[in-house]
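Below is a short briefing on charged pairs, strand pairing and core packing. Keep the coordinates open while reading.

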Amino acid sequence: MTRTITEPKTVKSKRAERGGIAEGRLFFLDLTQGRVFTVKPNGSDKKVVASDCRWPDGVAVDAEAGHIYWTNMGVPSRNDGSIERVDLDGQNRKTIVPEGQTFTPKQIHLDRKNGKLYWSDREGMRVMRSNLDGSKLETLVDSSHGDARPGRDARNWCVGIAVDTDRRQVYWSQKGSDNAGQGRIFRAGIEIPKGENAANRSDIQVLFEGLPEPIDLELDLGNRLMYWTDRGDPPRGNTVNRASMNADFKKRPTPDILITHLMEGIGITLDLKGHRMFITDLAGTVYTARLDGSEKKEILVGQGNITGVAYAEMS
């Protein structure tokens, strides 16, 4: 059963406050063709930005610097995942995290304020971070419990990720086995506590557990709300969910289900200024809806196996 919570307020961008003109663009990944695409928010003006990607999954856009970042999952047993960057016009493509440094990178988050990239490494069973050029690679969370990589226990697989830059916390999901009700969402500080390490840190908090298969995460910091997709079976799976970041998680709150009937829901991105979200699923559909889940509609269909999605305003 879904519950109703207070509707979040709309956040205006600094560019809008200055009276500047900005055009929104969506960037999404096609796992089937190994491509990065961009379209207008209504699905028109589709362009290929990059091709020959090796199982792309997560994407982030730095509009001010003019860069698109994405993860390539690769083949987990080969430890050949990577992270690439390209200019908005498709030029100057380069690998910033090469093969052998992250097993299966999934969702990626850009912290432009602090010059960092964060991502979840699925079979690597890690939450990782680097500088924007791929240097200073760090493991912030090691969820392996001593298991060898690539991990075989899906309960330890890290998938989605988001960062609360205001409170210096990182959020991530661990999906568990298919439709097993083992999915969890966690939170910890962006820095490992002094005297501890990525495997034994004491500040990890379990926010939700018993979820079907939580995948990608997004945060609305102004309204202290977290959103995520779940690709498990109905009724709680193949959905978009929302919950307060300030909830008393010891009381095991129930997330609000905003959208249902996705077909293997994966990617999610928020346009807070426009009071809307965009979602992708593996059936090849890109959706848009209001932040409360209303007015859901398809803007693209039959696009292959769609994974990550990002929204950005371009000057």
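Lys116 is buried, at a relative accessible area of 11%. This is a predicted model.

**Lys116 and its partner**
- The Lys116 side chain meets that of Glu138 in a salt bridge, 3.9 Å from N to O.
- Lys116 sits in strand 9 and Glu138 in strand 11, so the pair links distant parts of the chain, 22 residues apart.

**Other salt bridges**
- The whole structure holds 25 salt bridges.
- Arg129 and Glu191 form one of them through their side chains, at 3.2 Å from N to O.
- Arg129 lies in strand 10, and Glu191 lies in the loop between strand 14 (183-189) and strand 15 (205-211), 62 residues apart.
- Arg129 is buried, with a relative accessible area of 3%, while Glu191 is partly exposed at 41%.
- Lys273 pairs with Glu313, with 3.5 Å between the closest N and O atoms.
- That pair spans 40 residues, from the loop between strand 20 (265-271) and strand 21 (276-281) to strand 24.
- Lys273 is partly exposed at 35% relative accessibility, whereas Glu313 is buried at 16%.
- Shared partners join Lys116, Arg129, Glu138, Arg168 and Glu191 into one salt-bridge network.

- Four strands form an open sheet in the order 8-9-10-11, paired antiparallel.
- Strand 8 (105-111) and strand 11 (138-142) are the edges; each has a single partner strand, so one side of each has no neighbour in the sheet.
- Neighbouring strands here are turned by 20° against each other on average, direction ignored.
- Strand 9 (residues 116-121) and strand 10 (residues 126-131) run antiparallel and are joined by six bridges.

**The largest nonpolar core**
- This core has 14 residues; Phe27, Val36, Val59, Val61, Ile68 and Trp70 touch the most other members.
- At least two residues come from each of strand 1 (23-30), strand 3 (47-50), strand 4 (56-62), strand 5 (67-72) and strand 24 (306-314).
- Strand 24 gives the largest share, three residues.
- Beyond its neighbours within four places in sequence, Phe27 contacts residues including Val59, Val61, Ile68, Leu88, Val309 and Met314.

Notes. Residues numbered from 1 in each chain as written. Predicted model: local features only at pLDDT ≥ 70, side-chain atom pairs only at ≥ 80, totals over all residues. Heavy atoms only, no water. Core = buried A, V, L, I, M, F, W, Y, C linked by side-chain atoms within 4.5 Å. Buried < 20%, exposed > 50% of the residue type's maximum accessible area, 1.4 Å probe, protein only. Contact = heavy atoms within 4.5 Å. Pairing = 2+ DSSP bridges. Axes fitted to C-alpha atoms, helices over the stretch in contact; angles between N-to-C directions. Salt bridge = Lys/Arg side-chain N within 4 Å of Asp/Glu carboxyl O.
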